Amino acid sequence: MLKLSRYVLYDILRNKIVIAYTLFLFLVSFSMFRMEENGSKALLSLLNIVLIVLPLVSLVFTTIHYYNSYEFIELMLSQPLSRTRIILSEYGAVCVSLLTAFWLGVGVPVLLFAPDATGFALLFTGSSLTVVFTSIAFLAAVRSKDKARGIGLALLLWFYFALIYDGLVLMILFAFSDYPMEKFTLLLSALNPIDLGRIFIMLKMDISALMGYTGALYKDFFGSGTGVAFTSGIMLLWAAVPLWLSVRSFRRKDM
Amino acid sequence: MIRIEQVYKRFRKLQVLNNISARFDEGQVVALIGPNGSGKTTLIKSILGMVRPDKGTIHVHNQPVNGDPAYRQFIGYMPQIGRYPDNMRVGELFEMIKKIRHQEQTDEDLLRQFDLPSVYQKPMRTLSGGTRQKVSAALAFLFNPPVLILDEPTAGLDPLSTEILKEKIITEKKKNKLILITSHVLSDLEEITTHILYLQEGNMQFFKDLASLQEETGEIRLSKAIARVMRGQETNNQWIDRLFALETKNESPR
């Protein structure tokens with residue numbers, strides 16, 4: 001399996017988009033830390049960029065890469081390799097290259113300027129989001145034969161997770177504001193990896209004190225070992241389930 | 001060698017393969033011909049396991065196509081469109097495929113004749129369409145497989161390279177291999193094929209050897225014989241009716 005993914009990885013690491021993405025992340029992180037005197041303020045600004053840009057780039061790059069590799073995947077299918085192996089090799093290569101870009105672009109500055117708990121939480125969230133959205137993008141790409149539709153679907157998913165979902169949550173909270181919603185919002189956060197990541201990092205920061213009773217409850221939960229396990233577990237599910245579904249549908253697919 | 005039994009495939013409303021049964025053996029060069037969209041590529045992809053038939057079975061070397069992918073080590077495939085990862089170097093591609101197949105003995109004749117080692121350091125995206133086609137051809141022949149499947153092999157190749165490829169096919173044919181080939185350039189097929197399989201709208205119109213086709217149409221040249229089949233729907237149908245009558249009389253050629 002490593003044979004195939006290694007060569008695909010070499011290919012992607014030389015891709016101009018991936019190089020540009022790495023440089024962009026590096027410049028943004030570096031300038032954030034340089035401009036802000038306060039490390040945690042810089043992390044907060046960086047957080048917002050990570051939460052918006054990372055899922056978008058992971059989704060769009062992965063789908064485009066899949067469609068561009070279509071003929072190559074066909075050629076691999078004519079070799080004595082199983083379908084599961086081919087799709088997992090492709091997935092592994094895309095994941096590792098995007099993670100490399102993230103670690104070089106954001107990881108290095110964070111380790112240089114803010115190597116504390118919040119910094120590590122940011123790196124953890126960023127890595128998880130990359131893996132999760134690569135999985136989701138694979139599912140979108142494998143399921144739709146048409147390139148335009150696949151990329152459209154990926155963008156739609158990004159809109160949903162990054163923008164629409166928050167609106168929906170606010171609407172629900174507003175409508176049911178008479179009821180105790182703390183536990184329920186905890187559940188809602190698990191339904192969106194971006195939200196989960198945001199809460200996970202915010203609660204590592206001092207600003208969580210501003211969030212009142214809910215913030216205290218959250219801090220109690222996410223600050224503890226259970227919280228870390230909960231976040232990791234949910235992220236893992238978000239990565240594994242779409243990946244499993246895409247492997248299953250790739251195995252049955254007509255090329 | 002390859003056994004296709006009552007294969008059906010439908011893509012939504014379109015019946016792409018309609019009850020195809022055939023048997024291809026060693027030493028045959030089978031030309032798959034038919035108009036665009038007649039199901040040639042789908043048939044090839046079914047043999048390679050890329051398309052799953054709705055009904056029917058395909059065996060290669062007595063191994064069912066839908067099980068273990070190991071049977072594909074017997075096949076060398078040259079696709080219609082060769083696209084490779086943009087930044088992968090030509091040399092890396094060959095290195096990778098060799099590692100995947102982990103087979104010691106390779107046949108690098110085409111590699112040398114197409115002068116590919118001189119572009120080993122170039123990334124795939126810089127290659128012209130014709131050079132990529134050469135890469136695909138060299139890959140198909142690299143492992144000396146007993147079955148070769150070539151989908152439009154000469155499309156995009158210059159005349160000199162076409163000639164090199166044709167000669168290579170003839171050499172392999174003499175080694176008693178099975179070669180499946182699709183092409184619209186009938187003059188290219190003329191010197192190499194032994195059998196013709198004619199597909200139209202997913203139906204197998206006929207499958208017979210070159211000699212009997214020439215005899216029945218009264219045309220020596222393959223292109224003329226096929227043109228007779230393809231020309232005008234009505235005459236075509238009559239011709240096929242007569243052909244089927246002949247076929248049932250002489251017992252099935254399969």
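In this predicted model, helix 3 and helix 9 of chain A meet through Leu47(A), Leu51(A) and Pro55(A) on the side of helix 3 and through Ile194(A), Gly197(A), Arg198(A) and Ile201(A) on the side of helix 9. By class, the residues of this contact divide into five nonpolar, one polar and one charged. Helix 3 of chain A covers residues 39-68 and helix 9 of chain A covers residues 193-202, and their axes come within 11 Å and cross at roughly 160°. Because angles over 145 degrees count as roughly antiparallel, helix 3 of chain A is described as roughly antiparallel to helix 9 of chain A. The crossing of these two helices is right-handed.

Helix 6 of chain A contributes Ile136(A), Ala137(A), Ala140(A) and Ala141(A) to the contact, while helix 7 of chain A contributes Gly150(A), Leu153(A), Ala154(A) and Leu157(A). The crossing of helix 6 and helix 7 of chain A is right-handed.

The two pairs are set out below.

| Helix pair in chain A | Angle between axes | Axis separation |
|---|---|---|
| Helix 3 and helix 9 | roughly 160° | within 11 Å |

Along the principal axes, the C-alpha atoms of chain A fill a box of roughly 60 × 45 × 30 Å. Of the 255 residues of chain A, 40% count as buried. Among the contacts in chain A with a separation of 6 or more, 79% are accounted for by residues 24 or more positions apart.

Helix 4 of chain A has both buried residues and a part in the contact with chain B. Phe72(A), Glu74(A), Leu75(A) and Met76(A) are buried in helix 4 of chain A, and the buried residues of this helix pack against helix 1 and helix 5 (83-113) of chain A.

The contact between the chains takes 22 residues from chain A and 27 residues from chain B. Helix 1 (2-13) and helix 4 (70-77) of chain A each supply at least two residues of the side of chain A that touches chain B, and the largest share of that side, six residues, comes from helix 1 of chain A. The residues on the side of chain A that touches chain B divide into 10 nonpolar, five polar and seven charged.

On chain B, Arg101(B) is found in helix 2, residues 90-101. Leaving aside its neighbours within four places in sequence, Arg101(B) is in contact with Gln79(A), Gln73(B) and Phe143(B), so that its partners come from chain A and from chain B. Arg101(B) and Phe143(B) are 42 residues apart in sequence, and their C-alpha atoms are 8.3 Å apart in space. Arg101(B) is partly exposed, with 17 other C-beta atoms within 10 Å, because a residue counts as buried if 20 or more such atoms lie within that distance and as exposed if 12 or fewer do.

Notes:
Residues are numbered from 1 along each chain as its sequence is written. Chains are lettered from A and ligands numbered from 1 in the order in which they are written. This is a predicted model: local features need pLDDT of at least 70, side-chain atom pairs count only at pLDDT 80 or more; totals for chains, interfaces and linings use all residues. Two residues are in contact if their C-beta atoms, placed from the backbone, lie within 7 Å. A crossing is left-handed if the near helix is turned anticlockwise from the far one by less than a right angle, and right-handed if clockwise. Helices (H or I, at least four residues) and strands (E, at least two) are DSSP runs, numbered from the N terminus. Axes are lines fitted to C-alpha atoms, for helices over the stretch in contact, and angles run from 0 to 180 degrees between N-to-C directions. Angles under 35 degrees count as roughly parallel, over 145 as roughly antiparallel, 65 to 115 as roughly perpendicular and the rest as oblique. Ala, Val, Leu, Ile, Met, Phe, Trp, Tyr, Cys and Pro count as nonpolar, Asp, Glu, Lys and Arg as charged, and the others, Gly among them, as polar.
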